[in-house]
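Here's a walk through a structure, one topic at a time.

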2 protein chains.
Amino acid sequence: MVQRIEILVTLNETYLPPLQVMLVSLFENNPHQSFRIWLIHRQIPDEKLTALAQLVNSLGGQLKPIKVDGQHWTSAPTEARYPMEMYFRLLCANILPKSVKRVLYLDPDILVINSVQALWQVDLGDKMLAAATHSGMTHLVTGINNIRLGTDHGYYNSGVMLIDLAQARQIIKFADIERIIDEHSDLLLLPDQDILNFLYGEYIKEIPEENWNYDARKYPLYFTRSLGKHDLQWTLVNTAVLHFCGHPKPWEAHHDNRFTALYLNYQQLTQRRLQVFAPIDVASSVKPTTASDS
Amino acid sequence: MVQRIEILVTLNETYLPPLQVMLVSLFENNPHQSFRIWLIHRQIPDEKLTALAQLVNSLGGQLKPIKVDGQHWTSAPTEARYPMEMYFRLLCANILPKSVKRVLYLDPDILVINSVQALWQVDLGDKMLAAATHSGMTHLVTGINNIRLGTDHGYYNSGVMLIDLAQARQIIKFADIERIIDEHSDLLLLPDQDILNFLYGEYIKEIPEENWNYDARKYPLYFTRSLGKHDLQWTLVNTAVLHFCGHPKPWEAHHDNRFTALYLNYQQLTQRRLQVFAPIDVASSVKPTTASDS
């Protein structure tokens with residue numbers, strides 16, 4: 001019996017199209033694997049959630065949208081430039097139902113191209129979550145981030161995180177995050193990722209980036225660093241999570257690297273699936289779960 | 001009601017692995033389209049045909065293998081360097097059952113990445129078949145081939161052909177092919193393709209190569225020739241048949257162009273599907289149709 005994998009995404013309406021592509025790639029490359037997709041959001045309209053649920057159902061999965069209104073926390077963030085959604089992935093342990101013990105968070109700018117079972121089964125030991133660092137040839141970025149944030153570990157990328165929710169419930173506190181924003185807002189370049197590293201870096205287990213959070217811009221670096229071993233043939237067999245970091249995104253004009261064609265074909269596969277559901281039947285609309293029901 | 005599309009492949013055992021990848025891409029990118037796959041061969045073992053039939057069934061299609069022993073023609077070819085399989089695509093009208101009126105021949109070194117419905121419905125007018133030419137920037141190759149073969153039309157690629165079988169039955173004669181081989185064997189570089197062009201070029205309707213027979217090596221040429229219009233974004237939406245001409249093939253080491261990752265992901269999808277059927281159940285073996293039954 002294969003265990004169900006719990007996937008978490010947290011985003012606003014703008015990112016629904018790439019989310020759909022990510023989900024199609026996840027299901028296509030993980031046949032016979034059961035998935036539940038938790039979507040934590042603030043204000044995605046019901047009809048869009050219905051269309052997404054239809055897509056997920058057609059792929060054999062289950063969508064669990066959770067609408068969060070922000071009243072879970074005592075105070076709203078003081079800075080307008082940090083949207084509420086940015087907290088959701090850090091605070092997911094307080095939003096997801098207690099019956100969910102472990103969750104795999106995935107950014108929407110991802111293609112899943114192989115099985116994620118081995119990632120799901122990673123032994124976290126006494127750590128709260130697993131994540132990869134995106135190291136450069138000289139670890140220069142890590143060095144700068146260590147000085148900037150006062151940390152002594154690699155700079156973890158928050159795009160792929162396997163989270164132990166019982167631990168996260170104990171360790172991650174909204175008050176701490178709020179305090180950091182108040183005190184250090186000028187230091188925070190990528191707010192949620194910086195907070196993850198600054199406050200919680202010591203609770204993170206590092207997992208290999210080339211397997212679980214492959215930066216799609218960095219093929220030449222991975223190839224060179226492995227002395228030619230990690231060529232395309234190696235990558236397409238051994239990489240499960242291909243992360244399209246930075247800009248342009250592969251759904252934008254002029255994206256052109258070794259993985260663009262792969263991305264765009266998944267976009268075609270997704271659009272063909274979506275055409276089947278159009279026009280949306282409002283009567284069959286899914287009633288989204290709210291955080292308090294769960 | 002969508003019309004069933006009849007696909008033809010003619011190959012030996014060596015090309016079964018890429019054929020499987022081609023078929024997975026065909027079905028994945030043509031959902032809700034019914035396909036029958038005619039496989040004309042000489043000596044593919046039954047257990048391999050069974051595995052292939054299981055794959056095709058799992059994709060929602062039907063495999064129709066036809067074993068040809070060569071006794072259809074009055075004499076065997078005189079030159080050992082031309083294997084019998086090379087005739088099968090040219091002579092398919094004499095091998096396929098008369099109930100099949102039209103067939104789409106596809107090489108195994110192909111990915112189908114969009115709908116082939118518009119190709120299937122091409123109006124052939126009074127022509128026998130539709131094919132694309134692989135023109136260079138200056139049509140130099142066509143010029144050389146015209147001199148070499150004494151033709152006055154583009155040099156057609158025989159990797160993708162939409163064939164009207166009633167016409168082909170009238171026009172294509174084994175005796176003519178045999179005579180050409182006897183008389184001109186030193187001129188024939190790519191025997192079946194040269195014969196197609198030399199003997200039957202006047203019966204061919206040209207179709208746009210970038211839609212129906214895109215040479216995957218030629219992205220920079222297509223991009224430049226279209227003044228940048230045919231970028232990856234255009235290609236992944238408008239190209240249906242991506243043909244990995246030349247060497248190395250994308251399943252061989254060191255293949256590295258803009259479509260390698262796409263190919264290798266389809267190879268992964270295919271291998272995962274095949275693992276489901278292993279080990280092969282010999283008892284459920286498909287009885288291949290022989291040419292005489294059809």
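How many residue pairs does the rule find in polar contact across the interface of chain B and chain A? The count is 18 residue pairs, both partners at pLDDT 80 or more; a polar contact is a pair of N or O atoms within 3.5 Å, where within protein one must be able to donate a hydrogen and the other to accept it, and residues adjacent in sequence count only if both atoms are side-chain atoms. On the side of chain B that touches chain A, the elements giving two or more residues are helix H12 (232-238) and helix H13 (260-277) of chain B. H13(B) gives the most there, with 10 residues. Helices here are DSSP runs of H or I with at least four residues, strands are E runs of at least two, and both are numbered from the N terminus.

A word on bookkeeping: this is a predicted model, where local features need pLDDT of at least 70, side-chain atom pairs count only at pLDDT 80 or more, and totals for chains, interfaces and linings use all residues. Residues are numbered from 1 along each chain as its sequence is written, chains are lettered from A and ligands numbered from 1 in the order in which they are written, and side-chain values use heavy atoms, with hydrogens and water left out.

Back to the interface. With contact meaning heavy atoms within 4.5 Å, 28 residues of chain B touch 28 residues of chain A. The two chains bury about 2,300 Å² between them, 49% of it on carbon and sulfur atoms; that is the accessible area (1.4 Å probe) that two parts lose on being put together, summed over both. In chain B, Gln233(B), Asn265(B) and Arg272(B) lose the most area to chain A, together 22% of what that side buries. The rule also finds two salt bridges across this interface, each a side-chain nitrogen of Lys or Arg within 4 Å of a carboxyl oxygen of Asp or Glu. Arg258(A) and Asp256(B) meet in a salt bridge at 2.9 Å, N to O.

How do the copies relate?

Now the rings. Phe, Tyr and Trp rings (the six-membered one for Trp) pair if their centres lie within 6.5 Å; planes under 30 degrees apart count as stacked, over 60 as edge-to-face and the rest as tilted. That gives 18 aromatic pairs over all chains. Trp251(A) and Tyr263(A) make a tilted pair, since their centres are 6.0 Å apart and their planes at 40°. Trp251(A) sits in the loop between strand E10 (241-243) and helix H13 (260-277) of chain A, and Tyr263(A) in helix H13 of chain A, so the pair ties together parts 12 residues apart in sequence. Tyr263(A) is buried, at 0% relative accessible area, while Trp251(A) is partly exposed at 27% (buried is under 20%, exposed over 50%, partly exposed in between, with a 1.4 Å probe and protein chains only).
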